[in-house]
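Reader: Could you walk me through how to read a helical model, feature by feature?
Author: Gladly; let us look at it together.

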Amino acid sequence: MTFTEELYEKISNLYVGMTVRGFSELCGKSPSYYGSIKAQQLELSTSAIAHLMEGIEERKLVAPASTQFITQLTEVQLFIAYEIAARHHKCSESQNIKIRHMLLEAISNLADRELDNRTPTPIFIG
């Protein structure tokens, strides 16, 4: 089973009644996107799965707290994250190992800075 097929299956299991058109729209694409890439035996684009990942995060924010559904959504996000990482790694395999390590370190440092710059969530006492 391809990544695209497995991802569609995971989303369909979470959202009863999910259609290929609805899935395409969750990916930020036209309703015919999924059918088109399937017919061409292509994988979802990285931008489509990144968009889907963001949409999942938005759905987690409105879901009831501490539910199994949130855990399942997070698992799908991790599945997507590993795919994006694998795609990046595959593209950079031909690069010099020192350059790859520099790039990975730079990405890690950017993520650390982003976390450091977050403003703390306000606490309401009441």
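Predicted model: local features only at pLDDT ≥ 70, side-chain atom pairs only at ≥ 80, totals over all residues.

Author: Residues are numbered from 1 along each chain as its sequence is written, and side-chain values use heavy atoms, with hydrogens and water left out.

Reader: How many helices and strands are there in the chain?
Author: Helices (H or I, at least four residues) and strands (E, at least two) are DSSP runs, numbered from the N terminus. Here the chain has six helices and zero strands, giving the pattern α-α-α-α-α-α along the sequence.

Reader: What percentage of the residues of the chain count as buried?
Author: Buried means under 20% relative accessible area, exposed over 50%, and partly exposed in between (1.4 Å probe, protein chains only). Of the 126 residues, 25% count as buried.

Reader: Which residues touch the most other members of the largest nonpolar core?
Author: In soluble globular proteins, nonpolar side chains tend to be buried together. A nonpolar core is a set of buried Ala, Val, Leu, Ile, Met, Phe, Trp, Tyr and Cys residues joined through side-chain atoms within 4.5 Å. The largest one here has 21 residues, and Leu-7, Ile-11, Phe-23, Leu-44, Leu-52 and Ile-80 touch the most other members. At least two residues of this core come from each of H1 (3–14), H2 (20–26), H3 (33–39), H4 (46–62) and H5 (68–92). H1 gives the most, with five residues.

Reader: With which residues is Leu-44 in contact, leaving aside neighbours within four places in sequence?
Author: Contact means heavy atoms within 4.5 Å. Leaving those neighbours aside, Leu-44 is in contact with Thr-4, Leu-7, Phe-23, Cys-27, Tyr-33, Tyr-34, Ile-37, Ile-49 and Arg-87.

Reader: At what angle do the axes of H1 and H4 cross?
Author: Axes are lines fitted to C-alpha atoms, for helices over the stretch in contact, and angles run from 0 to 180 degrees between N-to-C directions. The axes of H1 and H4 come within 13 Å and cross at roughly 20 degrees. Angles under 35 degrees count as roughly parallel, over 145 as roughly antiparallel, 65 to 115 as roughly perpendicular and the rest as oblique, so H1 is roughly parallel to H4.

Reader: Which residues make the contact of H1 and H4?
Author: Phe-3, Leu-7 and Ile-11 of H1 meet Ile-49, Leu-52 and Ile-56 of H4.

Reader: Is Gln-77 buried or exposed?
Author: Gln-77, in helix H5, counts as buried because its relative accessibility is 8%. Not counting residues up to four places away in sequence, Gln-77 touches Met-53, Ile-56, Glu-57 and Lys-60.

Reader: And where is Ser-24?
Author: Ser-24 lies in helix H2, and its 1% relative accessibility makes it buried. Beyond its neighbours within four places in sequence, Ser-24 is in contact with residues including Lys-29, Pro-31 and Tyr-34.

Reader: What is phi of Gln-41 near?
Author: Most residues other than glycine have a negative phi. Gln-41 has a positive value, near 55 degrees. Gln-41 sits in the loop between H3 and H4 and is exposed, with a relative accessible area of 75%.
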